[in-house]
Amino acid sequence: MELVSTDSQSSDKPSEPKVFDKILLAVGTAKGSWRAVDAALTLAQLSGSEVLVVSVVDVQLCCVGGEEDLEGAFAGLNEIVARFRIAGVACEGLVWRSVNRSLAEGLINATTEYQPSLVVLPDDRPTGLWRLTRQSVCEAVGRRVGCAVLVVP
């Protein structure tokens, strides 16, 4: 979709504030990650927003072992950032470390630091009996951030 202005007087009018000036896109292993990328890219192009793509990696403190393997996280993140930049969207990527399976806390902390006007998340809601015992990352983030949240199924 392309936005075209036909108003020749548009340069005389003050520019309107952007609806979403900064978008935080969370990516990971959820099934809907690529659909969330597509949605964030479309929104960023339409609104002229800058985007921060965040991949949250879990670090287990209780376990003894080697350093965590971040190479896979960086590879996928670089591919997404390149896609945004090719489309003409200002974009940066960040690998955020969470501690002991606290992915939601990691995203909430990234949101607090970046101060986006929109957070785009892939849907990770548990199904079946898991739904009764576990809150999804989307639900936890949506309840605690102070901006709009778009969950992409």
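This report walks through a predicted protein model, from its overall layout down to two residues.

## Ground rules

Residues count from 1 along each chain as its sequence is written. Since the model is predicted, local features need pLDDT of at least 70 and side-chain atom pairs count only at pLDDT 80 or more, while totals for chains, interfaces and linings use all residues; side-chain values use heavy atoms, leaving out hydrogens and water.

## The big picture

The protein has 5 helices and 5 strands, and along the sequence they come in the order β-α-β-α-β-α-β-α-α-β. Here helices (H or I, at least four residues) and strands (E, at least two) are DSSP runs, numbered from the N terminus.

Of the 153 residues, 38% are buried, meaning under 20% relative accessible area with a 1.4 Å probe, protein chains only (over 50% is exposed, in between is partly exposed). Now take contacts (heavy atoms within 4.5 Å): among those between residues at least 6 apart in sequence, 79% link residues at least 24 apart.

## Valine 27

Valine 27 sits in strand E1, which covers residues 22–27. It counts as buried because its relative accessible area is 12%. Leaving aside residues up to four places away in sequence, valine 27 touches several others, including Ser33, Val37, Leu77 and Ile80. Valine 37 lies 10 residues away in sequence, and the C-alpha to C-alpha distance to valine 27 is 7.7 Å.

## Serine 47

Look for serine 47 in helix H1 (residues 33–47). Is serine 47 buried or exposed? It's buried, because its relative accessibility is 18%. Its side chain also reaches the backbone oxygen of leucine 43, at 2.8 Å.

How values were computed. A polar contact is a pair of N or O atoms within 3.5 Å; within protein, one must be able to donate a hydrogen and the other to accept it, and residues adjacent in sequence count only if both atoms are side-chain atoms.
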